[in-house]
Amino acid sequence: MGDRSLAHERPAFGVHSVSGFCDDVFGYLPRVDQRRWADIYVRGLLSTPGRKTVRHMARTLALPASASQALQHFVTASPWNWEAAQRELVRLAASSLSDPVWTSGTVLLEKRGSDSVGVGRHKDPSGRLVNCQVAIGLFLADDRASLPVSWRLLIDDAWCGDPERRRRARVPDSVTPLPAWALALDMVGQVAGPHAPGSAPMVFGLTAARDTARLARQPALRRRGFIIEVSSDQPLVAVSGPGGPPPGPEVTVTASEAARRAGLQHRMGGNRPLSVFVRLAPESGGSAGRQVLRLIAEPSVAEAGHRRFWITSLRDAGAETVRRLARRSVSTDATLRYMKSDLGLLDFEGRSFPGWHHHMTLASAAFHRRRPSRRSGPCVEALSA
C-alpha cells in the first residue's frame, strides 16, 4: 500500500509514549505497515492544527508527498478489523476508570453532497435541518472522565433500501435501520470482552425517552441494569415498593407529578433527590409495564430551573448514587465536543462504511492517548481549559 518503506519509519517526536500506546491498541494488525500507519495517523490527529485531512497530517509530520495517499489507503481501503482495536480501548478504559458505567452520545457530522455513507437531512439541537451523518458513540465513564470505545452510524431506510448506494459505500448486508439506543446495546455486545467491567450499568440520555418502554424491555439491558433519563411528562404508575401491594387503584401520572407526590408524602426538600417506586404506564405495553423501577427526581429547585428525572432498575442504590451515575453523561458530552473540535471527527475524507469506522476508531485512540492523567484533575476540566 503506497510507499511501504515509509511505514517502517517512526516519526521523530514522542517515539516511546505514542508508539508504545499504538502498539498496545493496534498491535493485533497482521502487517507491519498497517501498524506503522496506525501510529502515524494517531500522531497526525494529535499534532495537526485545524482540519485533520491526510494531506495536512502528512505535512505536519514532515512526511514525503506519497504519505498522504498511503494514509488515505490505510483508512479507506486497507481491510482491517476495527472492533479488535475497540476492545483494546475498552480494556484500557476499564483499567483506568473507577467503577465505570456505559454511556452513549450522539454527534452530527455535517457533510457536503449525498455520497458520504449514511448522510441525510437531520435536525440539529436548534431544530435546523442539516446535511450530516449521525454518529452514535459508546463510552465508559466515571466521575472524572468519559472515554470513547466504539462507534456506529445511524443509517436510515433511504440508505438501507438502496442496493447501489450500499454497494458503493460498502455497507454490509447485516446493517439495518436501528434506533440510537439499539446501536448502543449492539456495541456493548460487540466490544465487551473479558476485560470489560461486567457489572457496569448503562446510562441513556433524554433522547432515548421517546422509546423508553421498548428500551426497558430489552433482556440484555435488564440483566445489566440501567438508568434512563425521561421527560417530566413521562407516564408512570407509582407503586408502594418491589412486590408490595398497590396503594389503591392504579393511576397513571407524569414523572413530575409522581415526584411531587413523593415529596409531599415524605416531606423531603433541600438538595436531596427524591425517589419513588414506579412502573411504566400500562399503555406502554409489554413486560416493561410490570417491571418495578425507581424514579429519581432532582430537587424541585434544580440549577438553572431545570429539573431532571430518571428511571432505573438499580432499586437498591441510593438516590444520590443514581443521580451521580446518571450525571456522567455530562462528561460524555464534553468528550464529544472535544473530539469534534480537536481530534478530527468531522474531517474524514472518504465515503465508505469501513473507512468511516477506521477513522472514528483512530480518533478514539487519539483521545485516549491525549487524556490527562488522573492525577492532573478531572478530564472534563482539562478538556475545557
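Relative accessible area was used to class residues as buried (under 20%), exposed (over 50%) or partly exposed (in between), with a 1.4 Å probe and protein chains only. The model is predicted, and local features therefore required a pLDDT of at least 70 and side-chain atom pairs a pLDDT of 80 or more, whereas totals for chains, interfaces and linings used all residues. Residues are numbered from 1 along each chain as its sequence is written, and side-chain values rest on heavy atoms, with hydrogens and water left out.

Salt bridges, defined by a side-chain nitrogen of Lys or Arg within 4 Å of a carboxyl oxygen of Asp or Glu, number 19 in the structure. In one of them, Arg 31 pairs with Asp 33, with 3.0 Å between the closest N and O atoms. Arg 31 is partly exposed at a relative accessible area of 31%, while Asp 33 is buried at 4%.

A salt bridge also joins Asp 143 to Arg 328, with an N to O distance of 3.0 Å. Asp 143 is located in the loop between β3 (129–141) and β4 (146–153) and Arg 328 in the loop between α13 (319–326) and α14 (329–342), so this contact ties together parts 185 residues apart in sequence. Helices (H or I, at least four residues) and strands (E, at least two) are DSSP runs numbered from the N terminus. Asp 143 is partly exposed, at 46% relative accessibility, whereas Arg 328 is buried at 3%.

The salt bridge between Glu 298 and Arg 323 has its closest N and O atoms 2.6 Å apart. It links distant parts of the chain, with Arg 323 in helix α13 and Glu 298 in the loop between β10 (293–297) and β11 (309–312), 25 residues apart. Both residues are buried, Arg 323 at 13% and Glu 298 at 1%. A network of salt bridges connects Glu 298, Glu 320, Arg 323 and Arg 327.

Aromatic pairs were assigned to rings of Phe, Tyr and Trp (its six-membered ring) with centres within 6.5 Å, and were classed by plane angle as stacked (under 30 degrees), edge-to-face (over 60) or tilted (the rest). The whole structure contains 5 such pairs. Phe 26 and Trp 80 are edge-to-face, at 6.2 Å centre to centre and 85 degrees between the planes. Phe 26 belongs to helix α2 (residues 15–26) and Trp 80 to the loop between α5 (66–76) and α6 (82–96), so the pair ties together parts 54 residues apart in sequence. Phe 26 is buried at 0% relative accessibility, and Trp 80 is buried at 5%. Ring pairs join Phe 26, Phe 74 and Trp 80 in a cluster.
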